[in-house]
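Thanks, everyone, for making the time.

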Amino acid sequence: MIEKDVLHQYGAVALSGAAKALIRQGLDGGKWAGGAPGHEELQSMGLAVLEPLTGQYVLGDLHEAQRDLIQAEQASMAQHQVRITSITTLFAGLDRMAAETSGGIVYFEDAAVANDMIARYMDTMRSHLYTAHPDARQSAQLKASIVRETRMLQRGIKMKTIYPDAARTRTAEREWARAASAHGAEVRTMVPNYVRMLVIDERCAIISDRDIGPAQPSSGYIITHPGMVRICTTFYRFLWDRAEPWMGERVRQISDTVTTGRGREILRKMEDGQTIDQMARVMGLSRGTINKEIKALYEATNTSSHFALGAWWGTTEERKLP
């Protein structure tokens with residue numbers, strides 16, 4: 001039976017007064033016709049269920065609808081991720097000479113080329129610098145960058161930076177984050193399922209054309225086409241909204257955690273929508289081992305379903321651990 005007090009959970013969804021009235025009616029066991037005010041909203045959310053015998057609608061299971069909405073949002077996030085990572089594939093399919101002569105897209109295979117372009121744009125930067133670093137950065141590189149970035153911040157430039165969650169456990173990145181935050185930069189972390197990117201004002205974007213992995217020669221795309229830079233900026237903001245604020249503070253010790261490193265890896269793969277078979281194949285484990293790990297996660301988090309476990313994972317600080 002559906003509890004009436006779960007109704008308040010849906011206050012964040014932009015429901016009209018008519019739709020909310022139908023929910024209350026349904027919670028009391030009432031039915032309504034398909035043309036009732038607010039019906040289309042509830043039907044689009046999976047909250048209106050047709051009774052074939054009466055031809056009227058009743059309220060569906062709120063918990064099931066909530067789960068479906070969360071899954072839809074996760075699918076939307078995955079779609080956005082595919083779009084931005086597919087940008088490089090799109091560019092690679094174009095004729096590079098045509099791209100270069102257009103003045104909007106230039107492919108580079110040498111980091112020095114990109115660095116020269118970055119330096120020219122940063123010298124005339126007017127408003128903001130957005131960066132995302134999915135890999136670890138070297139200590140010497142960070143010490144040099146904080147000097148440049150401090151001068152930039154003192155000029156009034158707004159800076160946002162995204163690091164992988166594992167940066168919270170590394171000394172060099174923690175020191176950089178503390179120093180940058182002290183001068184007004186905003187730093188956040190998230191699971192590193194994104195490419196290296198940099199956006200200067202809305203005039204230039206530099207996107208890596210490689211996935212996260214072992215170091216290799218830097219290559220990618222310098223984008224100055226206004227429309228494409230706007231797409232990159234929009235996607236960066238999408239990532240930023242889902243990242244966790246960080247000012248260089250340490251995470252709690254691994255020994256104090258509820259989850260294990262393997263458990264967190266499984267939770268991240270569950271969050272990405274992977275099946276047990278897919279997880280077993282990628283991690284080189286058996287289905288039985290994956291199921292045993294998930295059972296251990298249930299016990300450790302006092303949950304009893306994938307949905308409840310996912311809800312716990314979505315709010316725990318342990319997401320920030322490697």
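At what angle do the axes of helix α9 and helix α10 cross? Before I answer, please keep in mind that this is a predicted model, and that every value I quote is computed from it. The axes of α9, residues 261–271, and α10, residues 276–283, come within 10 Å and cross at roughly 130°. As for handedness, α9 passes α10 in a right-handed crossing. On the α9 side the contact is made by Arg262, Glu265, Ile266, Lys269 and Met270, while α10 contributes Met279, Val282 and Met283. Sorted by class, this contact has five nonpolar and three charged residues, with no polar ones.

Staying with α10, we can turn to its packing against helix α11, residues 287–301, where the angle is about 110° and the axes are 9 Å apart. That makes α10 roughly perpendicular to α11. Here Ile276, Asp277, Met279, Ala280 and Met283 in α10 meet Arg287, Ile290, Asn291 and Ile294 in α11. By class, the contact of α10 with α11 has six nonpolar, one polar and two charged residues. You will have noticed Met279 and Met283 in this list, and both were also named on the α10 side of the contact with α9.

For context, the chain has 12 helices and 10 strands, and of its 322 residues 42% count as buried. If we take contacts between residues at least 6 apart in sequence, 68% of them join residues at least 24 apart.

Let me now move to strand β6, residues 186–190, in which threonine 189 has its place. Is threonine 189 buried or exposed? Its relative accessible area is 0%, so threonine 189 is buried. The side chains of threonine 189 and arginine 168 are joined by a polar contact of 2.8 Å. Leaving aside neighbours within four places in sequence, threonine 189 is in contact with Tyr163, Pro164, Asp165, Arg168, Ala243, Glu244 and Trp246.

Methionine 190 is also placed in β6, and at 12% relative accessibility it counts as buried. Not counting residues up to four places away in sequence, methionine 190 touches Ile162, Tyr163, Pro164, Asp165, Leu239 and Ala243.

Next, some backbone geometry. Most residues other than glycine have a negative phi. Aspartate 201, which is not a glycine, has a positive phi of about 50°, and asparagine 302, likewise not a glycine, has a positive phi of about 60°. Aspartate 201 lies in the loop between β7 and β8 and is buried, with a relative accessible area of 3%. Asparagine 302, by contrast, sits in the loop between α11 and α12 and counts as exposed at 73% relative accessibility.

Finally, where is proline 322 placed? Proline 322 is in the segment after α12, and at 43% relative accessibility it counts as partly exposed. Between proline 322 and alanine 167 the C-alpha to C-alpha distance is 8.6 Å, while in sequence they are 155 residues apart. I will stop there and take your questions.

Key: Residues are numbered from 1 along each chain as its sequence is written. This is a predicted model: local features need pLDDT of at least 70, side-chain atom pairs count only at pLDDT 80 or more; totals for chains, interfaces and linings use all residues. Side-chain values use heavy atoms; hydrogens and water are left out. Axes are lines fitted to C-alpha atoms, for helices over the stretch in contact, and angles run from 0 to 180 degrees between N-to-C directions. Helices (H or I, at least four residues) and strands (E, at least two) are DSSP runs, numbered from the N terminus. A crossing is left-handed if the near helix is turned anticlockwise from the far one by less than a right angle, and right-handed if clockwise. Contact means heavy atoms within 4.5 Å. Ala, Val, Leu, Ile, Met, Phe, Trp, Tyr, Cys and Pro count as nonpolar, Asp, Glu, Lys and Arg as charged, and the others, Gly among them, as polar. Buried means under 20% relative accessible area, exposed over 50%, partly exposed in between (1.4 Å probe, protein chains only). A polar contact is a pair of N or O atoms within 3.5 Å; within protein, one must be able to donate a hydrogen and the other to accept it, and residues adjacent in sequence count only if both atoms are side-chain atoms. Angles under 35 degrees count as roughly parallel, over 145 as roughly antiparallel, 65 to 115 as roughly perpendicular and the rest as oblique.
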